[in-house]
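Me: Please examine the interface in the following model and answer some questions on it.

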Amino acid sequence: ETPPSPQAVFVTAANAQGNAAPEPALSPQPPVPATARDGGYGLGREALAEEIAAWDIDIRPDGQGLPAGSGDVWTGEEVFVEKCAACHGDFGEAVGRWPQLAGGMGTLERKDPVKTIGSYWPYLSTVWDYVNRAMPFGDAQSLTPDEVYAITAYLLYLNNVVEDDFELSDESFAGIEMPNAEGFKPDDRPETELAAFAGDVCMQGCKDDVRITMRAAVLDVTPGSDTPDTDVAQDTVEVESSAEPEPADDENAARTDAADEASADQRPDPELAAAGARVFKKCSACHQVGDGAKHRSGPQLNGIVGRSAGTVEGFRYSSAMEEAGANGLAWDHETLAAFLADPRGYIKGTKMAFSGLRSADDIAAITAFLEAQGD
Amino acid sequence: APDPAITELQPWMQYLGDGVDARPYGSPSRFESHVIRRNVEWLTADPVSSVNFTPLHELDGIITPNGLCFERHHAGIAEVDPSAHRLMINGLVDKPLVFTMQDLMRFPRENRVYFLECAANSGMEWAGAQLNGCQYTHGMIHNVQYTGIPLRLLLEEAGVKTNGKWIMPEGADASAMTRSIPIEKAMDDCLVAFKMNGEALRPEQGYPVRLVVPGWEGNMWIKWLRRIEVGDQPWHHREETSKYTDLLDNGIARRFTWEMDAKSVITSPSPQAPILHSRGPTVLTGVAWSGRGTIPRVDVTLDGGKNWHEARISGPSFDKSMHRFYFEFDWDGTPLLLQSRAHDSTGYVQPTKNALRDVRGENSIYHNNGIQTWLVDERGEAENVEIS
């Protein structure tokens, strides 16, 4: 027999003394809801038509919200290759783990279905709305309506919904039906699951034997499974400025000494470089550094300090950046500082969407960090 | 031998510690520096549009500390200046309105505790056991006390027209996140919240103001809330068509699967929280929640489901909030197969993973609330497994 809970003992004792039983301690005070006031509160002010126009950019499946404009497949290809292909690939095939935008037809019933605009998205309005509100990644709401029409037309072409002579406009929009428009149904859990997953449950002798059918360890994809937490823990200590520095263990001490000795002359201030590593998080959506760094929407930046502008192989620069390099611009402390403070002011026409670093300390730190990266 | 922790003078017994001016905003003990959100690098293309996970295995009670609430952003953390933040209500209303943060502070507020679970929580486990640790398998959830304005009060201030059947909240970040929500839910229990656990929302949780959509998938809880449009139909935007739809075996996808089904997980012992002591008294604990009500009961098994025991729920039981359960037992040092099974106040019982797969197949990604199994070996170490 299980002993009575402390709560039950308390209630019994109180009753024995002839007192009223107290309210159960676990039941919270019933909340008193906030209620509306007759005629409202009169707070806020009326939104102006220009203000609503500035923010009300959403598009619906019936085309409500679309601005006047148009764009064709070939214009769309140009814009897409310039602004989207770094992540999504020239043909919507995707780079790395960025979303694949085209293909995947007929895969929805298979293992590992490929869900793209063509194979999965039910409405064209969703493409227009999303490109317009959130793309290019890191430079949202910078596209003109005609560019969005053109990109959307190119995406339809990549998905074999239209031919290469197609032009999408607010008028031709309604004529497009997406291949998977009929592929959705409302939530049917109330009919298919809720009743089936309810009722009495077995508590004793429910199975004769139990076999293990699958183990996560076989895949071994859990982060830090072999070296638990050391990196993360050190980062935390570093960021927390009030904490005393942890005494370095022997191995760490040895590694640091060796590195210092090897490059004591030319090496940038390691503390400044470490601060720069934190600032670099602002850049890392588009730029990679270090071993195996690859081009993303921006070029990889290994060895950038000391190099001519616009010259890393395999990256498609803006013509403005290439010209600047051809005219003798090289990245040193001074030029980097000027560029990072105001990228689009310093090189008019650069593809770099970043608005610039306001703090001179951040610029010095990030320069030290970049300088510490090898080629 | 005598314990040196007793017989030797420790530095903190001898020397003075920090004064009251040293830590004006406190942080946890440095001995707790391992208790942090973690992400899974291979999961997404970039940490700016990604997710990290609440360290459930290190927590107790029902409230998640603000700095440990998992994060999911689609364009990084917007650092919004509250003096430049506006909330607009437009669309099918009598009078479109703009509120400053100061305006919002003058509306009546309520305090309520709710869980927020990402619909993709446990999504990596659809096809089988994959990640070792409840932080990774179940950590896209947090449970917070919100202070906020009932959304109904703000909508009534603008006056919803009779054909206003849906709302579309929109975020101020660079993804301008949007979702469609039926007006009934908006008028029922949604909050426009500005405080979490008593303090201002953290930037990563939508500072200065976010939407709270109790019991419904986390993606709908728009952060950095800047606009609410009222309309007569849903918008079918990206997050409710290409994402957050549940693809079934036959190639048809469910949409508008808003409610989070009842679910539970044992947080200790678990792969990141092994049993570190020898046989004898052992505390098993975990959390349970339901998007449809409270959790009156949780069962646990130590032998892979041959026999079940009713766990003890401790702490407040709020509607659509996380519940904490315990089961104390004497471990005999032999391997264990641990599972927990939540019952919610509607009578729904958390299904096995295979029961879910029988209905949905393995391609759904979202809404995986199947029963989790941990294998604990003779050394007390735990592993994520599936069983017959």
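Reply: Buried area is the accessible area (1.4 Å probe) that two parts lose on being put together, summed over both. The model is predicted: local features need pLDDT of at least 70 and side-chain atom pairs pLDDT 80 or more, whereas totals for chains, interfaces and linings use all residues. Residues are numbered from 1 along each chain as its sequence is written, chains are lettered from A and ligands numbered from 1 in the order in which they are written, and side-chain values use heavy atoms, without hydrogens and water.

Me: What area is buried between chain A and chain B?

Reply: Contact, meaning heavy atoms within 4.5 Å, involves 90 residues from chain A and 112 residues from chain B. Carbon and sulfur atoms give 55% of the buried area. The total between the two chains is about 8700 Å².

Me: Which residues of chain A lose the most area to chain B?

Reply: Three residues together account for 10% of what the chain A side buries. They are A:Leu43, A:Trp55 and A:Phe197.

Me: How many salt bridges are counted between chain A and chain B?

Reply: A salt bridge places a side-chain nitrogen of Lys or Arg within 4 Å of a carboxyl oxygen of Asp or Glu. One salt bridge joins the side chains of A:Arg189 and B:Asp261 at 3.0 Å, N to O. The count between the chains is nine.
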